[in-house]
Amino acid sequence: MLVLAGCADDAPLDTLGDQLAGPEARDIGAFMRWLLWICYAVFAGVLGITLYSWRNFRIKTDDYEEGDWPEQIHGNTTAELAWTAAPAILLAVIAVFTLGLHSSLNSDENNAITLDVGGETVAWEPEIVVVGQQWWWEYQYHFGDVELTAQRVESLPTADLYTATQMVIPVGQEIELEVTSRDVIHSYWIPSLNGKRDAVPGRQSAPWKIQADTPGVFFGQCTEFCGLSHSRMRMQVIALEMEDFQLWVTSQMEGVALSAEDQAYVDALVAGDTPSPENSTQRGISTFRGKCASCHLMENIADDLYSEERVREQLVAGAAPNLTHFSSRTTFAGGIRNVWDPETLEFNANDLRIWLQNPEAIKANYALPVSDGDSRMRGMPNLGLSTQEIGDLVALLESTGEKPSDEIIRQTGVE
Ligand SMILES: [Cu+2]
């Protein structure tokens, strides 16, 4: 039954089937197929010879006596040369094709895309930095002509855009991924779009390609055991038509949009005044600045309070998801919960409340301090929020981004 379960043709992480949706995945799929045929041939050959010998050279007569051996042979140069040379040649041929495929998957040539980034026209050679940490993925978009060769994530220049769990890409375009990690080894894999690439701390992978032929959602899962919540470290790629991608970039480049009164409230807080909050959003803003801004960035709400050093003092990985456009995503907490309900298409306030009440209820062995002498944590701690605070924060988070299309909400829905 276990083996048969692998034959499901609607399994989102299938590597065979018709689900391969980009040239890299198809190249790998085609290569794997003919490699499998060679394996079948070798297997059939070895098994055939074994069966043949077993059938023809076994003792067939009843009057066989002890010591009645057939002629014994020791050493046969021709046979030995043959069974050394044949596998060597076979492996050499496979190696040539493997290296060829590898170099095409790793080439760093791609066409620049013309994008409008904050009012400026930029030729972006599509490159996205993918950063793994326990237990979620961060994506950094650097739109200018920047050199992204730092070995450590912390030494990379500040990106134009940071997002979590869901990588948004334009269709029909080869995107180069720079895969790395902030803590332990993870592995990035979107089976229908490309192969696996390990995310190693202190190292940036060689360029790695991803491309989607059609708009849609493609699922992935961290594929290197990285701690107790490894299975809760998922990710999705969302491929959009070029115009939609441009709209996404434009909205992501902006901070949270607020009404005039709420904006005045934030401005007063930033200026150091202590106005009293007058509605749920304002209470949410005040709680966010007090209890969340030390780890999370939320532009236009609390960017004045955010500093990378401060995050590093509190978290082992030194990073928490950017919450500026939280509600423009469809999954959270490492892709295991829905931000928007795939059936009602409503904001999924329920799961968000559970998360804010006690993140550990959703991710195991979560926010424990590293050791007696080191109080840094691996995940989001239980902050002991009151029901009122949670309600206000949920309202604030719901208002943070452009709601994704119904189509995407339906396709990304997780169980
Ligand atoms: Cu992982």
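# Reading strands, sheets and helices

Student: How many residues lie between E3 and E4 in their hairpin?

Tutor: The hairpin of E3 and E4 has 2 residues between its strands. Helices (H or I, at least four residues) and strands (E, at least two) are DSSP runs, numbered from the N terminus. Residues are numbered from 1 along each chain as its sequence is written. The model is predicted, and local features need pLDDT of at least 70, side-chain atom pairs count only at pLDDT 80 or more, and totals for chains, interfaces and linings use all residues.

Student: In which sense do E3 and E4 pair?

Tutor: Strands of a sheet pair through backbone hydrogen bonds, either parallel or antiparallel. Two strands count as paired if DSSP finds at least two bridges between them. Strand E3 (residues 127-133) and E4 are antiparallel, with 6 bridges; Val129 has Gln140 of E4 as its bridge partner. E4 also pairs in the antiparallel sense with strand E5 (residues 161-164), over 4 bridges, and there Glu138 has Ala164 as its bridge partner.

Student: Which residues point each way from E4?

Tutor: In a regular strand the side chains alternate between the two faces of the sheet. From E4, Trp136, Glu138 and Gln140 point one way, while Trp137, Tyr139 and Tyr141 point the other way. Strand E4 (residues 136-141) is mostly covered, with 6 of its 6 residues buried. A residue is buried if 20 or more other C-beta atoms lie within 10 Å of its own, exposed if 12 or fewer, and partly exposed in between, with C-beta atoms placed from the backbone.

Student: What is the order of the strands in the open sheet of 5 strands?

Tutor: The order is E5-E4-E3-E7-E10, and the pairing is mixed. E5 and strand E10 (208-210) are at the edges with a single partner strand each, so one side of each has no neighbour in the sheet. From one strand to the next, the twist averages 30°.

Student: What is the order in the open sheet of 3 strands?

Tutor: That sheet runs E6-E12-E11, again with mixed pairing. Its edge strands, strand E6 (166-170) and strand E11 (216-221), each pair on one side only. E6 and strand E12 (residues 234-240) run parallel and are joined by 5 bridges; Met167 has Val237 of E12 as its bridge partner.

Student: How do helix H2 and helix H3 pack?

Tutor: Two packed helices are described by the angle between their axes and the distance between the axes. For helix H2 (residues 23-56) and helix H3 (residues 77-106), the angle is about 175° and the axes are 11 Å apart. Axes are lines fitted to C-alpha atoms, for helices over the stretch in contact, and angles run from 0 to 180 degrees between N-to-C directions. H2 and H3 are therefore roughly antiparallel (under 35 degrees is roughly parallel, over 145 roughly antiparallel, 65 to 115 roughly perpendicular and the rest oblique).

Student: Which residues of H2 and H3 meet?

Tutor: Residues are in contact if their C-beta atoms, placed from the backbone, lie within 7 Å. Glu24, Asp27, Phe31, Leu35 and Ile38 of H2 meet Leu90, Ile94, Phe97, Leu101, Ser104 and Leu105 of H3.

Key
Two residues are in contact if their C-beta atoms, placed from the backbone, lie within 7 Å.
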